[in-house]
Amino acid sequence: MTEIQFKHVTKIFGRKVEAVKDLSFIIEDGEYVSLIGPSGCGKTTTLRLLAGTVLPTRGKIFFDNREVENLPIQERNLGFVFQHFAIFPHMNVWENIAYGPTVKGKKKSEIEELVEHSLSSVQMKERAESFPSELSAPELQKVALARVIAAEAKILLLDEPLGALDQKIREEFQFFLRDFVKKQGLTAIHVTHDQAEALSISDKVIVLNKGQLVQMGTPDDLIFSPTNLFTSFFVGESDFIEGYVLDDSSRFSKVRVGLESINVQNAGIHKGEHVVIAIRREFFDVRKADQNNENFLTGKVISDQFLGLFRRVKVLLKNQQIIEAKIHAKSPLKFEENETVHVIIDPARTRCFEFPKEGIKKSLEM
Amino acid sequence: MFKTDKENIELFFRKTRLKIETFLSRNSVLLIGKIITISIFILIIIGPIFYLLLQIFLHWGEIYSKVFNDPILGNEAFLMMLRSIGLSLKVAGIVTFFDLIVGIPIAWVLARYNFKGKKILDTLVDMPMAVPTSALGFSIYLFWGTNNGISRLLNSNVGLVSQGTLLIILTHIAFTFPYVTRSIKGIIADLDINIEKAAKTLGAPPFTIARMISLPMVKESLLAGTVLAFTRSLGETGATLIVSGVYQTAPVVIVSWMKGLKIPTTAFLSLILIIISLLLLTAVRLFARKVGLPWNKVFPRFERKISSKKVARTRDSLSITLFFIFVFIPALFVVIYLFQWWNKSPFSGDHEAGMIYQVFQAPDKKIDSIVHAFVTSVEVALIVTIVNLVIATPMALLISKTKNDKLKGLLDTLIDIPLIIPSSALGFSIFFLWGSNGLHLLSPGFMMIIVSHISFTYAYCVRPLVGAFDAIPTMYDEAAFAFGSSRLTAFRTVTMPFLKSGLIAVSIMTFTRSMSETGATIIVQGVERTIPVLLVDFFEASTFPAAAFAASLLILISFLSLLLLRYVSKER
Ligand SMILES: Nc1ncnc2c1ncn2[C@@H]1O[C@H](COP(=O)(O)OP(=O)(O)O)[C@@H](O)[C@H]1O
Ligand SMILES: [Mg+2]
């Protein structure tokens, strides 16, 4: 049973590189948590803080209410899986897996048992004598997992573990990984910059930007209820439409966009405010303008592109803003260039945020 | 039952080792380790030089009277210093000039062309660097300066080139040009050929491309190689003792004054040589990035002419021919000489002038002193190698891992000092610090030879090891820590295996360098003799066949080392 808690953790490298800023969160026992964010936002540093290979400049980290600094690394039950696996090249698979228990001073017979068990848990028994140079990337990945199991790790730290795999194998491996973690009863913290991977593999996702926690929640929360602009921007493709709140008295608020007005979700916005409406691209619907539509913005089609499962329809709205709707490839409607259309907006699928003072672009800077 | 016992014993030892390693990995213990590492560095490498400086400063009065105001000699010592330094600088300048002329085309040929025997040529080019300079000097002297070598081909009774400036220059070119070749060969090979191709499509002739595009890219390392060649020529003792005759270069003067125990004047001259070398080192460090070679004007017609295929081929084969005539054949001529004089003189047929008689049968039993010197040489080289591995590895680790850029830069520069100052001057400063004029811990002899050899081979160890440490990805260390290793356990189980081939290569290099050193050894040897020094002794006693025997032995050893080194670095 291990619960991990960060309390106002800050890590500064050198004098001024603030890799992690005032980070607080709780990860419960047995959870699969992903850490996502753009490159350089402090994901690896957060993992290394957890592993204890770097120490926080300020703040505290607890494992089950015990401060990490007082917990020898051997008792933290951590296992680290690196992007490039870090399988020791001069040891064979067996020796690699035996590394943890060997340096922890376990009995030989016990080590043998552990290695056998972990080899079979990743179905690699027949490769025990192989050297890393003879293994493929997915096999190395499995060795890395087996090594963690043999070290009797309860907490699995994964730093972009699938980054070195091909796209197709990667998707298979996501399932393998989650399944494996759940079967072994581990707590996993998985760093990735791929939001799709994070959403499909995790129980919870932590979004980081510039070393700060932006939002933590279930994949569902992040997709359907982002609490800020950055999350809706980073977790999935969204478009942002600028407007002013005309009325906030009923279930949906009325927002003026250019010369038109639409209804949006009424959450935390007030009459007269300058707001941004965020809508995921797959939640737009585009219809012919001559139909009897409700809650729409008018625009002109710029292009209608076929993208496999989806079509991407680019529309120039009347307020001169461009949005991209992702509509199902099977949708019967086809659009001509310059055709006037209605972009239908489902109020329940909208999120509204206060317009950032520094402008939308600036506030999404990574 | 038995199995459990064995298991328990293994467990006990492993646990004990892990506990010790964990203890030694504590920050306080590591700090002590760092302090020891830096102390050794100061005591053996930097200390002697600063001590020399300090003593000359403190005893300026005595030095002044000996050097400038001797009751009998007046300022003769000073004049001799000036003459010898002048000669040394002149020789080094001319040698470096020819090094560039010979060294650059050969580097180009080795980096860019593929032909049969390229690997052999590559090894041969490195040979003169590995062969002990005293053997090299002796061989070259036999070839040019006696009636055995070139004169025989020309049917002449006397040597073609007598001892003196010209012979010194010929000798120095042989062992310094590889520094130029080596410094740029790898970089030329790695240069992006596409850039050159692009320039070619714009109509530039190949020579212009090489000069304007390729060479400027290598200028920093070319400069480093050139400076190394210059300082090697400036500081060489062993070969110069043999080929100089009455024209004494500064390091030779140090040796002869030291033999006459003229300590104050030797100290002063050593210091001047050290200062010249340090100024050079500093200049290179400061200006390496700033210097531009004056190559921006183009001389199209002339260059197009010398770029034509025919000229290019002539130029390349010419530089290789020059290499064989002026470097390779003279450098190894001593082996031919040995066979010529095997059991009799090829001229008179006199049996007592032959090598067999001189070495094995003559009453002074030279073979005994050869065997003794050989054992001494090997013992010294082995001890020096082992000690250096022990003290250089932590230093390399320190330099590679330190996050303090200033400390890193400082150590990085200081490491090079013993590499660049004349080894006789270095030997003298070690004699000065450790001997009766300083700490009084050692007197000239076996131990002092070891200390001096450690000093000048230290950089040869540290440099490549820093590179080896830098090349190890940090993720392996981190993985080891994450699984619960202490720092020392991680070092033993993860870092060391990466380092293995690097350590072997460094050991071979250190061993060879120690085996071949003359200048420093002569200063600190006392009554001990190593093979290179014995060779000089034999030469001075005019027993050439015996000297040839010793020289061939040295060449054989260094050749084997070189092969071993090639083998090890290929395995990597
Ligand atoms: N050891 C270090 N020394 C100095 N700066 C570092 C170090 N490690 C990371 N950083 C800096 O901290 C920031 C966050 O790095 P990191 O945690 O590796 O980001 P991510 O894994 O999200 O790409 C980056 O700006 C990086 O340059
Ligand atoms: Mg990272």
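**View 1. The side chains of A:Ser253 and A:Asn266 in the predicted model.** In this predicted model, the side chains of A:Ser253 and A:Asn266 are joined by a polar contact of 3.2 Å. A:Ser253 has its place in strand 12 of chain A, a strand made up of residues 252–257. With a relative accessible area of 0%, A:Ser253 is buried, because a residue counts as buried when its relative accessible area is under 20%. Leaving aside the neighbours within four places in sequence, the residues in contact with A:Ser253 include A:Asp247 and A:Asp248 on the one hand, and A:Ile262, A:Asn263, A:Val264, A:Gln265, A:Asn266 and A:Ile269 on the other. A:Lys288, which is 35 residues from A:Ser253 along the chain, has its C-alpha atom 25 Å from that of A:Ser253.

View 2. When neighbours within four places in sequence are set aside, A:Gln141 is in contact with A:Val81 and A:Phe85, with A:Pro161, A:Leu162 and A:Leu165, and with A:Phe173.

**View 3. The shell of residues around ligand 1.** Around ligand 1 are A:Phe13, A:Val17 and A:Ala19, together with A:Ser39, A:Gly40, A:Cys41, A:Gly42, A:Lys43, A:Thr44 and A:Thr45. Sorted by class, this shell holds four nonpolar residues, five polar residues and one charged residue. Taken on its own, ligand 1 has 560 Å² of accessible area, of which the protein covers 61%. Two or more residues of the shell are given by strand 2 (17–27) and by helix 1 (43–51) of chain A, and helix 1 supplies the largest share, three residues.

**View 4. Helix 18 of chain B and its start.** Helix 18 of chain B comprises 16 residues, 405–420, which at 1.5 Å a residue should span 22 Å; the end C-alpha atoms are 23 Å apart, and the two values therefore agree. At the start of this helix, a side-chain oxygen of B:Asn404 reaches to within 3.1 Å of the backbone nitrogen of B:Lys406. Further along helix 18, the buried residues are B:Leu411, B:Ile415, B:Asp416, B:Ile417, B:Pro418 and B:Ile420.

View 5. Chain A contains nine helices and 20 strands, and its C-alpha atoms fill a box of roughly 80 × 45 × 35 Å along the principal axes. Of its 366 residues, 52% count as buried, while the chain exposes about 17,000 Å², of which carbon and sulfur atoms supply 49%. Among the contacts in chain A with a separation of 6 or more, 66% are accounted for by residues 24 or more positions apart.

Notes
Residues are numbered from 1 along each chain as its sequence is written. Chains are lettered from A and ligands numbered from 1 in the order in which they are written. This is a predicted model: local features need pLDDT of at least 70, side-chain atom pairs count only at pLDDT 80 or more; totals for chains, interfaces and linings use all residues. Side-chain values use heavy atoms; hydrogens and water are left out. A residue is near a molecule or strand if one of its heavy atoms lies within 4 Å of it. Accessible areas come from the Shrake-Rupley method with a 1.4 Å probe; for residues, only the protein chains shown count as cover. Helices (H or I, at least four residues) and strands (E, at least two) are DSSP runs, numbered from the N terminus. Ala, Val, Leu, Ile, Met, Phe, Trp, Tyr, Cys and Pro count as nonpolar, Asp, Glu, Lys and Arg as charged, and the others, Gly among them, as polar. Buried means under 20% relative accessible area, exposed over 50%, partly exposed in between (1.4 Å probe, protein chains only). Contact means heavy atoms within 4.5 Å. The expected span of a helix is 1.5 Å times one less than its number of residues. A polar contact is a pair of N or O atoms within 3.5 Å; within protein, one must be able to donate a hydrogen and the other to accept it, and residues adjacent in sequence count only if both atoms are side-chain atoms.
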